[in-house]
Every structure is written in structure tokens, then in C-alpha cells.
Amino acid sequence: NHNKLDNRKRNYRWATKSQNMINVDWEAGKSGFRGVSLACGSKKNRWRAYLVKNGKQISLGVFDSAKIAAEAYDSAALEAHGRFAFLNFDNGKERK
């Protein structure tokens with residue numbers, strides 16, 4: 001639930017340090033989404049989605065909107081990180 005003060009037993013899980021770092025909160029950039037940035041050299045405000053796995057950045061493509069790029073990130077993050085993934089959308093709603 002990403003509430004650092006909620007220390008109930010049901011919120012604990014076994015995780016390696018690497019798995020736990022995937023789930024760290026972050027500062028939103030211009031896009032407002034994790035794994036999304038403005039595409040370099042884009043004259044039409046296109047957005048690039050990317051994922052970091054095992055220290056390597058993986059490009060997921062360039063999209064017409066930040067929201068579509070964020071959805072692509074969420075899909076790839078779930079596949080790559082499973083239950084440890086920190087997603088942009090929670091059950092279809094944008095995470096604030």
C-alpha cells in the first residue's frame with residue numbers, strides 16, 4: 001500500500017534488497033509517470049517508455065501520449081518484476 005507508517009503484519013513480505021528497491025517511491029518527472037520521459041528530438045511531444053532490469057535500461061518504444069507510454073511501462077514492469085513492480089496505475093486508476 002506504499003504507506004511507510006503501516007507496519008501491520010499483512011504488509012510484510014520476504015524480498016531481496018534488489019526486489020525491495022524496485023518498489024521504492026520516486027519523484028515524478030515531466031510526464032508524471034514512472035518509466036516515461038519525453039522522447040529526445042521529438043518535435044511532436046512524443047513519449048518514450050523504458051524499464052530498468054538488472055541495471056540495464058530497456059526501451060519499450062515511443063508513444064503519442066504519456067498515459068499510453070505509462071500503460072506500456074506497467075505491462076512490462078509486471079512481466080519483469082511481478083508482485084514487486086511499482087505501477088503507474090492501480091486497477092485502472094492513476095496512482096497519485
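This is a predicted model: local features need pLDDT of at least 70, side-chain atom pairs count only at pLDDT 80 or more; totals for chains, interfaces and linings use all residues.
The partner of arginine 46 in a salt bridge is aspartate 64, with 3.0 Å between the closest N and O atoms. Aspartate 64 has a relative accessible area of 58% and is exposed.

A search of the whole structure gives one salt bridge.

## The sheet

Three strands make up an open sheet, ordered β1-β2-β3, with antiparallel pairing. β1 (36-38) and β3 are the edge strands, each pairing on one side only. On average, neighbouring strands of the sheet are turned by 30 degrees against each other, direction ignored.

Between β1 and β2 the antiparallel pairing runs over three bridges; here leucine 38 is opposite tryptophan 47 of β2. β2 and β3 are paired, also antiparallel, over seven bridges. In β3, glycine 61 is the residue opposite alanine 49, and glutamine 57 is the residue opposite valine 52.

## The β2-β3 hairpin

The hairpin of β2 and β3 has two residues between its strands. Asparagine 54 belongs to the loop between β2 and β3 (56-63). Its phi is near 55 degrees, which is positive although the residue is not glycine. Most residues other than glycine have a negative phi. Asparagine 54 counts as exposed because its relative accessibility, 72%, is over the 50% limit.

## Helix α2 and the cores

α2 lies across β1, β2 and β3 and runs at about 15 degrees to β2. Which residues make up the largest nonpolar core? This core has nine: Phe33, Val36, Trp47, Ala49, Phe63, Ala66, Ala69, Ala70 and Phe89. Two or more residues come from each of β2 (47-53) and α2 (66-81). α2 gives the most, with three residues.

Alanine 66 is one of the core residues. Apart from neighbours within four places in sequence, alanine 66 contacts Ser31, Phe33, Val36 and Trp47. There is also a second, separate core of six residues, among them Leu51, Tyr73, Ala76 and Ala85.

## The aromatic pair

The structure contains one aromatic pair. The pair is formed by phenylalanine 33 and phenylalanine 89, whose rings are 5.5 Å apart centre to centre with 40 degrees between the planes.

Conventions: Residues are numbered from 1 along each chain as its sequence is written. Side-chain values use heavy atoms; hydrogens and water are left out. A nonpolar core is a set of buried Ala, Val, Leu, Ile, Met, Phe, Trp, Tyr and Cys residues joined through side-chain atoms within 4.5 Å. Buried means under 20% relative accessible area, exposed over 50%, partly exposed in between (1.4 Å probe, protein chains only). Helices (H or I, at least four residues) and strands (E, at least two) are DSSP runs, numbered from the N terminus. Contact means heavy atoms within 4.5 Å. Two strands pair if DSSP finds at least two bridges between them. Axes are lines fitted to C-alpha atoms, for helices over the stretch in contact, and angles run from 0 to 180 degrees between N-to-C directions. Rings of Phe, Tyr and Trp (its six-membered ring) pair if their centres lie within 6.5 Å; planes under 30 degrees apart count as stacked, over 60 as edge-to-face and the rest as tilted. A salt bridge is a side-chain nitrogen of Lys or Arg within 4 Å of a carboxyl oxygen of Asp or Glu.
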